[in-house]
Amino acid sequence: MARRVHEAWKGSNKFLFGGRLIFGPDAWSLPFTLLLIITPVSLFSVFVATHLRHEFLPSTAGDAILVVAILFTVFVLILLFLTSARDPGIVPRNSHPPEEELCYDTTVSSDGRQTPTVQIPRTKEVMIYGVSVRVKYCDTCMLYRPPRCSHCSICNNCVERFDHHCPWVGQCIGVRNYRYFFMFVSSATLLCIYVFSMSALYIKVLMDNNQGTVWRAMRESPWSVMLMIYCFISLWFVGGLTGFHLYLISTNQTTYENFRYRSDNRINVYNRGCSNNFLETFCSKVKPSRNDFRAFTKEEPPRNITLATTWERAEDEVSMEERRQKVEDDLDIDEDVIKLQQRSNAEEGIDTANHRVDIDQMRVGSNERAPTIRSEARHGNWGTRSKAQKDMIVGSSVSESRSYAAAEEGR
């Protein structure tokens, strides 16, 4: 039965709704991120925005404060969904190494035997804007990574224009979701500023109405104080992240490139100027996904890589095996001839102790010496030979026995 791509996926991703949504293996962090966003906004809507709405009751300003907070939160959640639930730019892995890049080599062992080996160059050079850039080979995905591509050890995938893996959204940040990630972080920063500002405004309103001090107003609305503290701490995180990525966008870098290559003083061949870099990030068309997770997998036949020295080595091994088997068979035949001759002599009453038979004298009428018979334990097996081979040995042994008997009578 054919399986779909998301069912046979070799990465560590998690899929929902039949492969329509893709998440990282740490997608469990998403509920925690949602809690960090929804909880303070809910508290703000109940304990701050509602009271401010009563303060600005004659106008629509009070309603606008609550509506803006809700719509802004929904916008942030949509950006979070677009960042974490879509393909970040995964490069499909190959089922076999690229054959056009294979290099055949032969290694010589200590005993002089040659062993063919297959090697794949670890890097190769490609041209980017007229500058030579080195790309690496990925053993896991069995492909040469495109420029600015890196393998994520958490998702176990090669991702185009890999920026980093964000545990807060549970997904890699790559070429297809980077702009949504930046908009999510920057919008969360603006939401923190908005909640902080409206909470401070409510403290100011309480001070004016009661003509009291700041501490008295803070005691009357402790939730406003808590929201201000929460937003101030969050601003250090999301605000700092927004500023850092603004710098990366202006110089056309990724987080991975900045942390890994900033000490190498490399020339950034992708930097095309600040304005062009921003246009490339926010105004360029998002690349379509290279993976159809709902498609059915295609079974590929196994590929056999033929080495240049494989057949030569196989022929050498076969010929050596044939020669070894022939020598063992010759030893077995000669030793069986001796046994048959000894059995024939015993039946004719010949005392083998007084008449020692020399194998060289068995062949009557022949001036050639027979091959020397070794008395070592043989490696063959009489029971495994064919019937025709046994008949041939028995016939030759009987004829030699008769010739030997006739010679004895002639003497």
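Which residue in β7 does Tyr-137 stand opposite? Select Tyr-137 and look across to β7: the residue opposite is Tyr-144. Keep in mind along the way that this is a predicted model.

**Stop 1**

You have an open sheet of 3 strands, in the order β5-β6-β7, with antiparallel pairing. Colour β5 (123-128) and β7 (143-144): these two stand at the edges with a single partner strand each, so one side of each has no neighbour in the sheet. Strand β6 (residues 131-138) is joined to β7 by 2 bridges, and the two run antiparallel. As background, strands of a sheet pair through backbone hydrogen bonds, either parallel or antiparallel.

**Stop 1: rings that meet**

Tyr-137 and Tyr-144 are both buried. How far apart are the ring centres of Tyr-137 and Tyr-144? They lie 5.2 Å apart with the planes at 65°, and since an angle over 60 degrees counts as edge-to-face, that is what this pair is.

Next, select Phe-162 and Tyr-256. This aromatic pair is edge-to-face too, at 6.0 Å centre to centre and 70° between the planes. Trace the chain from one to the other and you'll see that the pair links distant parts, 94 residues apart. Phe-162 is in the loop between β9 (157-159) and β10 (164-166), while Tyr-256 is in helix α6 (residues 255-261). Buried or partly exposed: which is Phe-162, and which is Tyr-256? Phe-162 counts as buried, at 9% relative accessibility, whereas Tyr-256 is partly exposed at 26%.

For one more group of rings, pick Trp-9, Phe-15 and Phe-293, which form one aromatic cluster.

**Stop 2: charges over rings**

Select Arg-148 and Tyr-270. The charged end of Arg-148 sits over the Tyr-270 ring, 4.1 Å from its centre. Then jump to Arg-161, which lies over the face of Tyr-178 at 5.3 Å from the ring centre.

**Stop 3: the helices**

Time to zoom out. The unreviewed UniProt entry places the feature "transmembrane region" at residues 30-52, 64-83, 180-203 and 223-249.

**Stop 4: the cysteines**

How many disulfides does a search of the whole structure find? The search finds 0. Check Cys-172 and Cys-152 to see why: the sulfur of Cys-172 has its closest cysteine sulfur in Cys-152, 3.2 Å away, which is too far for a bond when the cut-off is 2.5 Å. Cys-172 counts as buried, at 1% relative accessibility, while Cys-274 is partly exposed at 44%.

Methods. Residues are numbered from 1 along each chain as its sequence is written. This is a predicted model: local features need pLDDT of at least 70, side-chain atom pairs count only at pLDDT 80 or more; totals for chains, interfaces and linings use all residues. Side-chain values use heavy atoms; hydrogens and water are left out. Rings of Phe, Tyr and Trp (its six-membered ring) pair if their centres lie within 6.5 Å; planes under 30 degrees apart count as stacked, over 60 as edge-to-face and the rest as tilted. Buried means under 20% relative accessible area, exposed over 50%, partly exposed in between (1.4 Å probe, protein chains only). Helices (H or I, at least four residues) and strands (E, at least two) are DSSP runs, numbered from the N terminus. A charge sits over a ring if NZ of Lys or CZ of Arg is within 6 Å of the ring centre and within 35 degrees of the ring normal. UniProt positions are given in the numbering used here, feature names are shortened, and annotations may be inferred rather than shown by experiment. Two strands pair if DSSP finds at least two bridges between them.
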